[in-house]
Amino acid sequence: MSGTGFRSEVGVRHPLSEARCAKGGRTNIERLAPLVNDIHVVVLAAGKGTRMKSQLPKVLHQIGGLPLIEYVLRTAAALMPASVTMVVGHGADDVQAALAKRTHLQFVTQEQQLGTGHALLQARPVLSGRSGTVILLSGDVPLLSVDSLKALIATHAEAEAAATVITANVARPFGYGRIVRSNGRISKIVEERDASPTQRAINEINSGIYAFDLEPLFPALDSIGTANKQGEYYLPDLIAIYRKQKRTVTTWTVGRPDEIRGINSRTELAEVTTMVRQQKNEELMAAGVTLIDPATTYVDADVVVGPDTVIYPCVFLEGSTKIGAACEIHSGARIVNSTIGDRVCVRNHTVVTDSTIESGVFVGPFAHLRPGSQVGEDAHIGNFVELKKTTMGKGAKANHLAYLGDATIGAKSNVGAGTITCNYDGEKKHRTVIGKDVFVGSNSTLVAPVTLADGSYIAAGSAVTADVPEGALAIGRARQENKDGWVARRREAKAKN
Ligand code: UD1
Ligand code: CA
């Protein structure tokens, strides 16, 4: 665990505990429950993300197998908001396409990225005529917790504020807007570039996350100017504007500054990725999973692993993968979007993608299960075996060196070493159907489409081009001929010459 305290404080300190009020022993949140209907979330995600140096819009860069924006939208959804609006601009088409499934999400476009204040203004058409509280989130701040947002809302409502800013006290404030206070109260926010040396020494930073009362918001945004080093419309300037208008502005300070870390560069992406990974690994261990070396265990955010499963170093579990209980996943394995049953042993350097493995199976080492493979209970897939769109029945075995593509293999059938399904004729793919209790001798080539009926036998080294009936033996190779005395005759002939 790094010294960030990102995980170590989880569960120790609940931000909402600060928001507890005396009235009837109910928390602010409970008391403010009706207000929750009036929450409008706006997510800023139009920026170019210049410092990422990427073709991909910043919010689509991934952490733990999910795009950054997915973390922000999940947190927003937990507030049960009346609306969620996303301001898109740079790479808008890609961002909208990536989020097409989120039907409740509204998009507004910021054609030119003129600053965060200008970005929020784009939400005006969606929010005009509505009332309530705007929660402004940044698409590049993925770790903010729901509890912190609830505390923000509680503080904002309690103070009846026009604006409430989430701040954090950090050792290294470089790059962030600084919170300038007078007589203890926030008076303005100054960006790094525009800050005086004294202001740069301030350790309290702007998270870029705010609650705003909707009513005065858009008229005030109109009055933000561009008199700063970047010539941009800075949303944080709203604070000074409100103070001049004698409106209430307040702050809520997050206990764990790592929650509000913004991602602006690949280095920050990697740092936050490490935090998310450590948190995931600790959750797995707390749920009864053994990680031999958490530092080299790479499990995506949505992966599920059952208790008593042992994960060896350098294992990658990705996407929507689900692993059952009491499995062994050995080093070098990479399992992507796949479902694995209980007591499965995945041996070293096995790759499984978009496939299903039922309970009690042994796979690998060096096996490759390509998309659409289904391995039945207690089946064995050995070294250098490749499956593609292939179903192996219960207890079926392919223990060594085989390519089984577009095949159905029945229960308890045994596929010998070197067997190949010739599934491709240069134009189309064809299926191989192998019944149950079939014995396929080593080095057989099964030329699809072909069916080997239940209980049939294939002699080793056969090229099988025709269907094999139930219980039959197929021999598809030249008959062996032994020439008696041939070696001696050859030797004599050589000696004469
Ligand atoms: C911003 C804040 C800074 C704060 C920091 C916290 C401003 C001017 N500064 O700085 O005080 O400490 O966040 O992380 O707000 N965006 C748009 N349109 C634009 C510009 C930005 O949608 O025209 C979006 C970006 O995509 C991003 C968010 O707004 O999601 C923040 O923008 P970014 O440029 O990263 O601001 P910072 O420099 O980090
Ligand atoms: Ca940022």
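**Exercise 1. Where is Pro449, and what kind of peptide bond joins Ala448 and Pro449?**

Solution. Step one: Pro449 sits in the loop between strand E35 (445-447) and strand E36 (450-452). Helices (H or I, at least four residues) and strands (E, at least two) are DSSP runs, numbered from the N terminus. Step two: the bond joining Ala448 and Pro449 is cis, and omega is about 0°.

Before you go on, a note on the numbers: residues are numbered from 1 along each chain as its sequence is written, chains are lettered from A and ligands numbered from 1 in the order in which they are written. This is a predicted model, where local features need pLDDT of at least 70, side-chain atom pairs count only at pLDDT 80 or more, and totals for chains, interfaces and linings use all residues, while side-chain values use heavy atoms, with hydrogens and water left out.

**Exercise 2. Describe the surroundings of ligand 1.**

Solution. Start with the count: 24 residues surround ligand 1 (a residue is near if one of its heavy atoms lies within 4 Å). The closest are Gly47, Gln110, Thr116, Glu191 and Asn206.

Next, sort the shell by class: eight residues are nonpolar, 12 polar and four charged. Here Ala, Val, Leu, Ile, Met, Phe, Trp, Tyr, Cys and Pro count as nonpolar, Asp, Glu, Lys and Arg as charged, and the others, Gly among them, as polar.

Now look at the elements: strand E1 (39-45), helix H4 (116-121) and strand E10 (204-213) each supply at least two residues of the shell. E10 gives the largest share, three residues.

Finally, check the polar contacts (pairs of N or O atoms within 3.5 Å). A backbone N or O atom of Asn206 lies 2.6 Å from an oxygen atom of ligand 1, and a backbone N or O atom of Leu44 lies 2.8 Å from an oxygen atom of ligand 1. For Asp140, a polar side-chain atom is 3.2 Å from an oxygen atom of the ligand.

**Exercise 3. At what angle do the axes of helix H8 and helix H9 cross, and which residues meet?**

Solution. First take the axes, which are lines fitted to C-alpha atoms over the stretch in contact, with angles running from 0 to 180 degrees between N-to-C directions. Those of H8 (residues 214-222) and H9 (residues 237-244) come within 10 Å and cross at roughly 110°. H8 and H9 are therefore roughly perpendicular to each other (65 to 115 degrees).

Then list the contacts (heavy atoms within 4.5 Å): Pro216, Leu217, Ala220 and Leu221 in H8 meet Leu238, Ile241 and Tyr242 in H9. By class, the residues of this contact are seven nonpolar, no polar and no charged.

Conventions. Polar contact = N/O pair within 3.5 Å; in protein donor to acceptor, adjacent residues only side chain to side chain. Parallel < 35°, antiparallel > 145°, perpendicular 65-115°, else oblique.
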